[in-house]
Amino acid sequence: MSNESIITVTELKKHYGDIKAVDGVSFDVKRGQIFSCLGPNGAGKTTTVEMMEGLRTPTSGKIEIFGVDVTQDYASIRHRVGVLPQDFIPFERLKAPEAIAYFAGLYGKEMTKDDVNKLLETVELVHRKDVIAKKLSGGEKRKLGIALALVGEPDLLFLDEPTTGLDAQARRNLWGLLENLRDEGRTILLTTHYLDEAEKLSDEVFVMHKGKEIARASPQKLIEQYGGKRSMIIHGCDAESIQKLEASGFSMERVQKDVKLFIGEGESVRDIVRRLDSSDILYTDFTTNEPTLEDAFINLVGGTIVSGELSK
Amino acid sequence: MSRITADLKAFAIQYLRNPFGAAFSIGFPLLLVICFGAMFSPSATPDVHLLIQDLDGTPMSEQFIDTLNQTTISYSGTFETYMTEPTYDMNESVLQEHELSGAIVIPAGFEAQISGNQSVDIIVFLDESSSTDGVILENVDTAIVTFEASSSVSGQYVSITITEIDNGEFNFLNFFLPGIIALTIMLNCLMILASLMADYWSHGYFKILKTTPLKKWEWVLSKLIWYLVVMAVAILLLFVVGVGLFGANVTITPIAIALIVAGTLLFSSIGMIIGALAKHTDTAAGISQAIGQPMMFLSGIFWQLEEFPPIMQTISKFFPLTYLGAGLRATMLEGNDILALENLAVVVVLAVVFFILAVKLIKWKEK
């Protein structure tokens, strides 16, 4: 990853009458980064991305990609950008290799049959190459969309919710593909409402809610800053041990029959275990909890995302 | 150029994989020609009923009639002749009324002129658009050669003057074929393209294409090229069926080709405008039907405009299909190139205006 900014967004707004779909967001994306726009449905992620893709005209603000103002001249950078729209539907009567050949023609790329097959293998669609797109499953259509976004060998990829509709294994495989693309030096901007996806893949996460920026940092920094303390769940404590725990000054809370102990700054799990042993507190076992991006998101927004929607 | 080729190829594959679209594009007009052809054409080998009128009444004219009756040429249908009185007023309506194929009038002075070594004209009434005209002419020609070779004549004196009649036998199919070509262009380019545009909107295809290097005008041009190809195939088929199967008597002229190209551009542009404004397949289909159907019935495709009430004739002047149909009919059927060029000029001007409007109005971008 370099310090060169591929995308610079400044005070970007998109208003539809009184509705502020995007309300003054600013960020920049560095070359070779995976940059995630994270937020529930209606946060303004897709509107922001579609303005960057030249599909919507901003109400105000500026978007520069490869140093070009996209509101003035998106055409000059189209060949360097690959796009998977959120609501992508493939051309229904084309088979996957035909659709790839079509896009190769649009991007002026020469592709042999082997090249097409290789790309289909990359998105795990080679076994479905003789089927017209209409008959592909939702996940397979998504994979075809990703293949089409890759046809032009773009420097910059916009992937709007790329793993929606994919099963767990296919999602992980796609994560691997995206990491490989980043390693090749490509820049990826993805929108997602999967918190684990953003945490696993992103170099930087841009949390959006109600059209505004809530936070922007690497997943680790967001977790450190907003994820809360690490904790241990102590199982199998009897009433006496719980009394001793309370008397020993632990920062704790009851979780049904168990006890949750918060690990303080500079403390380790081993330190806690020593303290438990020295206080003669009896328990059967324990589990440790590291804060995640979901914890950070909950603390930032006041809820988590379930099926794309904010759940409080 | 490679982008246009790529788009054209992908569109062609999708079009050909949609059997309903292809069937409607070509099948519907073809069905109309077959229906009208079957209704308005006689059997494959029509019988010939030839009326003969002898205004001379001399041995030599009788000899010619005998020769004519004895002449046999290779013809699978029935060939019959009938005599009529010299006083009978021979004209077109008589032939139409009695459903006759044609008539021969031997003029008064036939024998006197031949005897005086002067040439004489036999008048042959014919419908040149009918498939029986060749049979009649061949028969009369053969009879003349035989007659002139006889000992009583021994010389080439007899010639033929053809009087064109219109017995209505193929009239409607001839009238209909250029109209159906115009209708095919309108149906395909206006109605189908309007729905296609809306389909592209509702499926988000424009959104995808907008992110690629394909330019809007390249997409529009690729559709125009494809619909010209479809039109060429459809019109060729209409011709094969109309002319080949039912013997329609129309010809393809350079002006007709220019009209077909300009008409395709015109109706494709209108279709794209409707599709761009409607954005939903059902709405686009509704609007294109609301525009296309009155145009289909009020543009002189099925009936001659002169038969319409004056108000309808005035309304028809606002329909582009009127000019396309009239132009094609003028050049393909009537050979009236001046009238055809006038109509071509209207179609070309409208095509340019609507094409510019289409390119301006089609937006690939969301608001």
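Visitor: Domain bounds come from an automatic or database domain assignment, so what does that give for chain A?

Guide: Chain A has domain 1 (5–225) and domain 2 (229–290). This is a predicted model, where local features need pLDDT of at least 70 and side-chain atom pairs count only at pLDDT 80 or more, while totals for chains, interfaces and linings use all residues. Residues are numbered from 1 along each chain as its sequence is written, chains are lettered from A and ligands numbered from 1 in the order written, and side-chain values use heavy atoms, without hydrogens or water.

Visitor: How many Å apart are the C-alpha centres of those two domains of chain A?

Guide: The centres of domain 1 and domain 2 of chain A are 44 Å apart.

Visitor: And chain B, how is that divided?

Guide: Into domain 1 (2–40 + 170–361) and domain 2 (48–164). Over C-alpha atoms, 47 Å separate the centres of the two domains of chain B.

Visitor: Which residues of chain A lose the most?

Guide: A:Arg78, A:Arg93 and A:Leu106, together 26% of what the chain A side buries.

Visitor: Now helices. At what angle do α3(A) and α4(A) pack?

Guide: Helix α3 (residues 96–106) and helix α4 (residues 113–122) of chain A pack at about 115°, axes 10 Å apart. That makes α3(A) roughly perpendicular to α4(A), a label that covers 65 to 115 degrees; under 35 is roughly parallel, over 145 roughly antiparallel and the rest oblique. Helices are DSSP runs (H or I, at least four residues), numbered from the N terminus. Axes are lines fitted to C-alpha atoms over the stretch in contact, and angles run from 0 to 180 degrees between N-to-C directions.

Visitor: Which residues make the contact of α3(A) with α4(A)?

Guide: A:Ala96, A:Pro97 and A:Ile100 on α3(A), with A:Val116, A:Leu119 and A:Leu120 on α4(A).

Visitor: What about α5(A) and α6(A), how do they cross?

Guide: Helix α5 (residues 138–151) and helix α6 (residues 168–183) of chain A cross at roughly 10°, their axes coming within 13 Å. That makes α5(A) roughly parallel to α6(A). The contact uses A:Lys143, A:Ile146 and A:Leu150 of α5(A) and A:Ala170, A:Leu174, A:Leu177 and A:Leu181 of α6(A).

Visitor: And in chain B, how do α10(B) and α14(B) cross?

Guide: Helix α10 (residues 254–278) and helix α14 (residues 337–361) of chain B cross at roughly 30°, with axes coming within 8 Å. They are therefore roughly parallel to each other.

Conventions:
Domains from an automatic or database assignment. Helix = DSSP H or I, 4+ residues; strand = E, 2+ residues; numbered from the N terminus. Contact = heavy atoms within 4.5 Å. Buried area = accessible area lost by both parts, 1.4 Å probe.
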